[in-house]
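Here is a short briefing to keep beside you while you look over the protein. Take a moment with the picture first.

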Amino acid sequence: MNFSTVDELILCSNDTCQNVNLTASSVLLYICMAAVIILTVCGNLLVVISISHFKQLHTPTNLLILSLATADMMVGVTVLPIYFISKSVCMRMDRTFCYFTLLCSFHFTFLSIYNVSFISVDRLYALSNPFQYSNKVTFKLIFTVNCFNWLTSFGYSMAYIYINGIRTGNVLCFGNCTVVADGLWASIDLFLVFILPCSVILLSYMKIFIIARKHSKSIRLAKGNPATRNRKYGGGVPKASKSKAATTLGILVTVFVACLLPYFLSISFSVFIPDTLSLKVLEGTLPLLYLNSAINPIIYALFYPWFRKCAKLILMLNIFNTDSSLVNVLTDG
């Protein structure tokens, strides 16, 4: 942030800013803000280190989770601090820094949404075509998909900000650093960033749920068959494992959509409600959108045993031991 004079460090005198009163409630709010940022950055950093370091986790699906965790971590590094500052201290910023904050917000939000959609498609294909999955869904393919996703997200976000522009003025308050899209661009953005990927997510997990129920039924039938029960390697084991993984990812996706839905619904219906009320609704739903980046590591910790084991090894600095990357993190013990 480049300030031309010392006077620009004072509070902005406009309707987007509020007076900063240091009270007990505001101190508690700042502590909560700091906790959310730390949880978002450190939690997702643990996911990034785990998947990057331990060779057992080098799978196509985990590469997609790695991309999601990286995007979520960058939300904690760039978007959340700026957003919380804008709600607590109204300081001036130049247009370059405004463009940077908008680009980070749009880029990493776009990335997270499409990462989750790719994960849902990946899990659907793994369950519906288990014998072809390992041959067709390779590490190289997912790496290419991730690169395409990151480049497309960056290009789209740049174009969206450039075409729609920001409010006039070389020096802006944090609250004035916004993009106001016209009706056409607002519709395009709503379709590309929310309707299309979320439709893919919901349809994929509807099919996954159907397949998982079929697998559960076949497992129950297999357990009731004495000949099948006495086999060491029955067909039900991998199906159970895959169904459990699909259920876990389903929880992640459900929480993800629940965090996105209020914000994008408020955008969709903003034309039907007064501007003042629309702004208040958007301000209330935007934090929920960002908080999803902090929630994801909690989901990993609750439902992924490998993440808990990896986190313990990382926090105890055991990853610096010789051949620590070869540790078996997929089994208990």
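The notes below cover the fold, the surface and the aromatic rings.

This is a predicted model, in which local features need pLDDT of at least 70, side-chain atom pairs count only at pLDDT 80 or more, and totals for chains, interfaces and linings use all residues. Residues are numbered from 1 along each chain as its sequence is written, and side-chain values use heavy atoms, with hydrogens and water left out.

**Fold**
- The protein chain has 10 helices and two strands, taken as DSSP runs (helices: H or I, at least four residues; strands: E, at least two) numbered from the N terminus.
- Starting at the N terminus, the order of elements is α-α-β-α-α-α-β-α-α-α-α-α.
- Of the contacts (heavy atoms within 4.5 Å) between residues at least 6 apart in sequence, 80% join residues at least 24 apart.

**Surface and burial**
- Among the 333 residues of the protein chain, 42% are buried, meaning under 20% relative accessible area, with exposed over 50% and partly exposed in between (1.4 Å probe, protein chains only).
- The chain exposes about 18,400 Å², and carbon and sulfur atoms supply 68% of that area.

**Aromatic rings**
- There are 15 aromatic pairs, counted when ring centres of Phe, Tyr and Trp (its six-membered ring) lie within 6.5 Å; planes under 30 degrees apart are stacked, over 60 edge-to-face and the rest tilted.
- Tyr-125 is partly exposed because its relative accessibility is 24%, whereas Tyr-133 is buried, at 12%.
- Ring pairs also link Phe-106, Phe-110, Tyr-114, Phe-118, Tyr-156, Tyr-160 and Trp-185 into a cluster.

Definitions and conventions:
Areas by Shrake-Rupley, 256 points an atom, 1.4 Å probe, with all protein chains shown as cover.
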